[in-house]
Amino acid sequence: MSDHIGVSQDGAVLRLRFNRPEKKNAITVNMYAALANALEDAEKNDSIRAVLFEADGDIFTAGNDIGDFMANGAERGDPHATPPVMRFLLALANAKKPLLAAVQGGAVGVGVTMLFHCDLVFASERATFHTPFVNLGLVPEAASSLLLPQIAGHQQAAEMLIAGKKIDAPRAEKFGFVNEVVAHEALEKTALDAARNLAAKAPTAMRLTKQLMKPNRDAVIAHMKNEGEHFAAQLESAEFREAGMAFMQKRKPDFSKAG
Ligand code: COA
């Protein structure tokens, strides 16, 4: 377990909370493992009927911990074990119970792409959404290069995934991956009420309906694994090394000699 992921049960709602505000809730390997464990356990626990993602601080999550990634590369450890990040992404894609998110601030990288697997997403008026994978010499993950074009259309998806443009909450609602933008102070209650509402519904009908709404789950998972192979290769690349060093040194990356 990681201290940086708060896990609590509120009635039939499992609340998972990013709790590393001093590092903008950047997600380490241990945090991915804690998230994966919690989601996998939730599937087996009949007393849990919905899962709500939340966060402390001013940033929902700054995405993958860049230092962690630079240190661990494409996951060293047991080559036969599924890495924690992939376990988390698979648990999102395979979730049979409804997933909700309350995005209170900036969401970056996987902080955005995880939302494409959620059923209901609420955003504070302060929330922003940024997927700067290409800026970092990386490729999209979590099947976002499949799901975002489906949700928002190619050109709007390209604005985020290719141009790496940060968008605000009203635009995310227009793109279609945010259900509702609410006043910052109202976010927690709005999202929790919605989670409790879903958790009170007939569980079998809920599970079947979600399953019926996701007939392409296998294709999503295959796409996610394909992205994962490119992502892992890019983590070893000179492009990512330059982008990672630039982040650490608080300067712009120079890709002029890449490729
Ligand atoms: N990985 C590792 N550390 C991170 C991080 C990340 N993804 N995002 C933020 N941090 C750390 C910073 O290094 C800094 O650490 P320090 O205090 O030891 O110097 C601390 O969190 C605060 O970040 P800072 O950049 O000063 O906060 P900010 O409010 O000015 O900006 C963000 C917040 C999220 C906009 C900015 O931190 C950012 O762009 N982070 C990187 C996001 C990213 O590219 N993620 C990867 C996507 S694949």
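A polar contact is a pair of N or O atoms within 3.5 Å; within protein, one must be able to donate a hydrogen and the other to accept it, and residues adjacent in sequence count only if both atoms are side-chain atoms. The model is predicted: local features need pLDDT of at least 70, side-chain atom pairs count only at pLDDT 80 or more, and totals for chains, interfaces and linings use all residues. Residues are numbered from 1 along each chain as its sequence is written, and side-chain values use heavy atoms, without hydrogens and water.

The ligand is surrounded by 14 residues, each with a heavy atom within 4 Å of the ligand. Lys23, Lys24, Ala62, Asn64 and Ile66 are the closest. Lysine 23 places a polar side-chain atom 2.5 Å from a ligand oxygen atom. For lysine 24, a polar side-chain atom lies 3.5 Å from an oxygen atom of the ligand. Asparagine 64 uses its backbone instead: an N or O atom there lies 3.0 Å from a ligand nitrogen atom. Alone, the ligand exposes 870 Å², and the protein buries 65% of that (Shrake-Rupley method, 1.4 Å probe).
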